[in-house]
Amino acid sequence: MALRRASSSLAAALAIWAGAVGAGPPERVVSINLCTDQLAMMLAAPGQLVSISRISQDPNVSVMLEQALGYPINSGQGEEVFRLQPDLVLAGQFTSSYTVGLLRRLGVEVVQLPIVSSLDAIPDAIREVGHLLGQHVQAEAVIADFTADLAGLQQARDTPPRAALHYANNYTSGENSLAHEILTAAGFANIAAEAGLSGGGTLAMERLIMLMPDLVISGQPYPGASRSEEVLRHPAMRGLRDRHAGHALADAEWVCGTPAVLRAIARLADLHEGG
Amino acid sequence: MGRGLVAGLLALVAGLFAASLLVGPAGLAPVQALSALIWGDALAETLVMREIRLPRAILAVLVGAALGLAGAAMQGYLRNPLAEPGLIGVSGSAALGAVLALQTGLAAAHVLALPFAALSGAVLAVLIILALAGPRGGSITLILAGIAVSALAGALTSLVLNLSPNPFAASEIVFWMMGSLQDRSMTHVWLAAPFIGLGAVVLLAQGRKFDALTLGEDAAVSMGVHLGRLRLTLVLGVASMVGAATAVAGAIGFVGLVVPHILRPLVGARPSVLLPASALGGAVLVLMADIAVRVILPTRDLKLGVLTAIVGAPLFLHLIYKTRAQGQL
Amino acid sequence: MTGLTLTDFSVARGPCDVLRDISLSIGPGECVGLLGPNGAGKTTLMRGALGLMKHRGRSSLSDLPLQTRAKTVAWLPQAREIAWPVSVETLIALGRLPHLAPGAKPSTADQAAIDSAIARMGLEGFRDRIATQLSGGEQARVLIARALAQATPVLMVDEPAAGLDPAHQITLMQTLATEATGGRCVITSMHDLGLAARFCTRLVVLSRGGVAADGPPHRVLTPEMLADVFQIRAHIAQTEHGPIVQPVGVIG
């Protein structure tokens, strides 16, 4: 099994190399993941990106809605993607392995990009997509802007206010996560890290309340109803916010390791003055 | 005998209620916790005790009492120890009603839409079950009808949740099928309490009629039981309690099976005494299960129905075996 | 008069009448045996008269409101249903339900009626036994005791002797006859012509949807009637123990 996986990734790597050497940049690129959609839209030459995933046109989670509306969409199913005859498919680390395997067996080149869990990894991600698309110059320009803007936003404080990220199902993010770095970059201390949480996970509401954060940053409400989101409006959380600032921020800007995180940091940084 | 048992169960409910208040991931010291609950003397502790643990413990009592009493009442009416709201699809249909109310936005528009929708789902299921497995339907009809109603309600619940625009809805199928009291609030207590209370008052008043039914429907009618009226009362009482319980806690199975089964020998098998005893016994069982889920997996939301099924399903098999041995299946 | 009066009484099952235009009056002190071959409508007559089935015409019992009816007539169905493993005394005490005000506890009068019913059915030693664990015959006696405890002027019983051994059959019929002597109106359906002849004061024979014969046993149990209604030949004799009817053969 491991051997087969190794050999298939070797095959994929060879295919990339062969493509790069033989035929220049791919002409038909399909992205089937929200985060690769964003990077591809930023970097692709006109006409190079032929389809993006449906979710990028969802105003609740897309940070590049206007641009996304200009592209045909796919729902990430093997058959549908294959019919687009792509030279390259961009997928995420957790895209269904069945879909990825099927496309590869059909001879389609699929590259799975890893989840970005730190600010430092964002330039690498941009660079990699730039490389895959043959858009090196554009990629370096985006990286330069990002690095400069990030430096401008980052603030260090002696006693950073303690903030809690509170999403549906009491989900939060601890150390070693992009959300944690966004929070820290904006000059806040993350109480999930105080609680010893690493990566994403749940923090029981009781424990969150006992940690008494100065600020609660709740997930945005989604359409329809869910029990999972009821915790965001729980009387205990409201009781907490009576004494603290609470703000629903756009989840979309926190999700992907793209320059959109700068907007999240900027919004957070504004809370210092407001709160 | 009945009075001693009721007193014992009351003491058990009180003890477990207190224990439920003291169990939680925040790890509060008991004295500090109770002081925060009563005097409200520390902000964080008070919020934890009054807004998280208190409603959870109250709901465990309400939901448990509702399921235990509904089970005892259905068994009394159908004279069948296998009749249980969860097994025969009443809870599942109530969950479907609740999910529909939530996903169509009715629940957000009217406060009472959620419990009423769950109640309507439950009414429908009880009517189907009574029509199919009424006086002349045996255990096998009851179980088969229950399987069909549960399956349909479960499938439609999944369908509605999968069609929801909400990204979290689809993953909540487990909650609606297995039930949980995690992170409930006083809002849920106020939503469920009137319906459960009303259903309980109505059903507890029917005790003697269920007693008379021990001798069969003909004998009961000849002793002055108005069967049609009793059926209507049963449908509305059970639906009101199971509907409200399911709307706030999801479908928790087996409580109405396990509790009357354990208590029946202790009350001399009299349905009229079994009703209040099962209400208290249900509260005991759900309180215990809800404490256990927090002790076993403190950081995750282990579903209550998982524990009640682990206890209840073997008992259910045992009951089927016994019924079969007596040639009644 | 407390008893049962049927006037132009008919019961339909589906499109056909099972019973047609029956008029009958049974008063206190009578012990009436309801006879007839299988399917003649004995159970139907009693259930209809009790208001448990839809009927046309009048029945003095089904005319009564449900609660009054429960204090007027006790009914023992043929199916000996005991759904839960209750004690014998608890089961017999169910007979007092129609007499209890809502929420009231059984009074000493209620307890006296229960004790008397237990004594009359000879169930003294069975009080605390679990009813569902008794033999069929014992269960039948417990259920009759329940009907007795209801202490109603009218007692209607559907084939109480079925499944009982000879001794219990005789004791049972003696009990019913004694109840009638005590002023009750007792109506019981039965198949045993001999028992009917010995213990009933009056026999009503149902056949083809109507009353084929009605009167004291010696007038009803004639060879002609037995041949016509039951298609049997029987040995009929008057003895010092009372009338004897012993079927000896089938006609045709």
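Colleague: Let's start with H1(B) and H3(B): how close do their axes come, and at roughly what angle do they cross?

Modeller: In this predicted model, the axes of helix H1 of chain B (residues 2-22) and H3(B) come within 9 Å, crossing at roughly 150 degrees.

Colleague: And what do you call H1(B) and H3(B) relative to each other?

Modeller: Roughly antiparallel: angles over 145 degrees count as that, and therefore H1(B) and H3(B) get that label. The crossing where H1(B) passes H3(B) is right-handed.

Colleague: Which residues in H1(B) and H3(B) meet?

Modeller: From H1(B) you have Val13(B), Phe17(B), Ser20(B) and Leu21(B). They meet Met49(B), Arg53(B), Leu54(B), Arg56(B), Ala57(B), Ala60(B) and Val61(B) in H3(B). By class, the residues of that contact are 8 nonpolar, 1 polar and 2 charged.

Colleague: OK, staying on H3(B). At what angle does it pack with H13(B)?

Modeller: About 70 degrees, and the axes of H3(B) and H13(B) (residues 255-263) are 8 Å apart. Anything from 65 to 115 degrees counts as roughly perpendicular, so H3(B) and H13(B) are roughly perpendicular to each other.

Colleague: Which residues of H3(B) meet H13(B)?

Modeller: On the H3(B) side they are Gly64(B), Leu67(B), Gly68(B), Ala70(B), Gly71(B), Ala72(B) and Gln75(B). On the H13(B) side, look at Val255(B), Gly256(B), Leu257(B), Val259(B) and Pro260(B). The contact of H3(B) with H13(B) has 7 nonpolar and 5 polar residues, with no charged ones.

Colleague: What about H3(B) and H14(B), how far apart are their axes?

Modeller: 6 Å, with H3(B) and H14(B) (residues 271-296) packing at an angle of about 140 degrees. H3(B) and H14(B) are therefore oblique to each other. Their crossing is right-handed, and the contact has 17 nonpolar, 7 polar and 2 charged residues.

Colleague: Switching to the assembly. Which chains have the most contacts between them?

Modeller: Chains A and B, among the 2 pairs of chains that touch. In numbers, 25 residues of chain B are in contact with 23 residues of chain A.

Colleague: Which elements of chain B give two or more residues to the side that touches chain A?

Modeller: Four helices of chain B do: H3 (43-78), H4 (90-103), H5 (106-109) and H9 (186-204). H3(B) shows up again with the largest share, 5 residues. The side of chain B that touches chain A divides into 15 nonpolar, 7 polar and 3 charged residues.

Colleague: And how many residues do chain C and chain B bring to their contact?

Modeller: Chain C brings 21 residues and chain B brings 19. In chain C, helix H2 (66-72) and strand S5 (73-76) each supply at least two residues of the side touching chain B. That side of chain C has 17 nonpolar, 3 polar and 1 charged residue.

Colleague: How far apart are the nearest C-alpha atoms of chain A and chain C?

Modeller: They are 42 Å apart, and chains A and C do not touch.

Colleague: Now chain A itself. What are its domains?

Modeller: Domain 1 is 2-149 and domain 2 is 162-274. Between them, 18 residues of domain 1 of chain A are in contact with 17 residues of domain 2. On the domain 1 side, helices H2 (34-43), H6 (121-133) and H7 (136-153) of chain A each supply at least two residues. H2(A) gives the most to that side, with 4 residues. By class, the residues on the domain 1 side are 12 nonpolar, 5 polar and 1 charged.

Colleague: What's the mean pLDDT of chain A?

Modeller: It is 87, and 88% of the residues of chain A reach 70 or more. Where pLDDT is low, predicted coordinates should not be read in detail.

Colleague: And what is the mean pLDDT of chain C?

Modeller: 93, with 100% of the residues of chain C reaching 70 or more.

Colleague: Last one: what ipTM and pTM does the model score?

Modeller: ipTM 0.92 and pTM 0.89.

How values were computed. Residues are numbered from 1 along each chain as its sequence is written. Chains are lettered from A and ligands numbered from 1 in the order in which they are written. This is a predicted model: local features need pLDDT of at least 70, side-chain atom pairs count only at pLDDT 80 or more; totals for chains, interfaces and linings use all residues. Two residues are in contact if their C-beta atoms, placed from the backbone, lie within 7 Å. Ala, Val, Leu, Ile, Met, Phe, Trp, Tyr, Cys and Pro count as nonpolar, Asp, Glu, Lys and Arg as charged, and the others, Gly among them, as polar. Axes are lines fitted to C-alpha atoms, for helices over the stretch in contact, and angles run from 0 to 180 degrees between N-to-C directions. Angles under 35 degrees count as roughly parallel, over 145 as roughly antiparallel, 65 to 115 as roughly perpendicular and the rest as oblique. A crossing is left-handed if the near helix is turned anticlockwise from the far one by less than a right angle, and right-handed if clockwise. Domain bounds come from an automatic or database domain assignment. pLDDT is the predictor's confidence in each residue, from 0 to 100.
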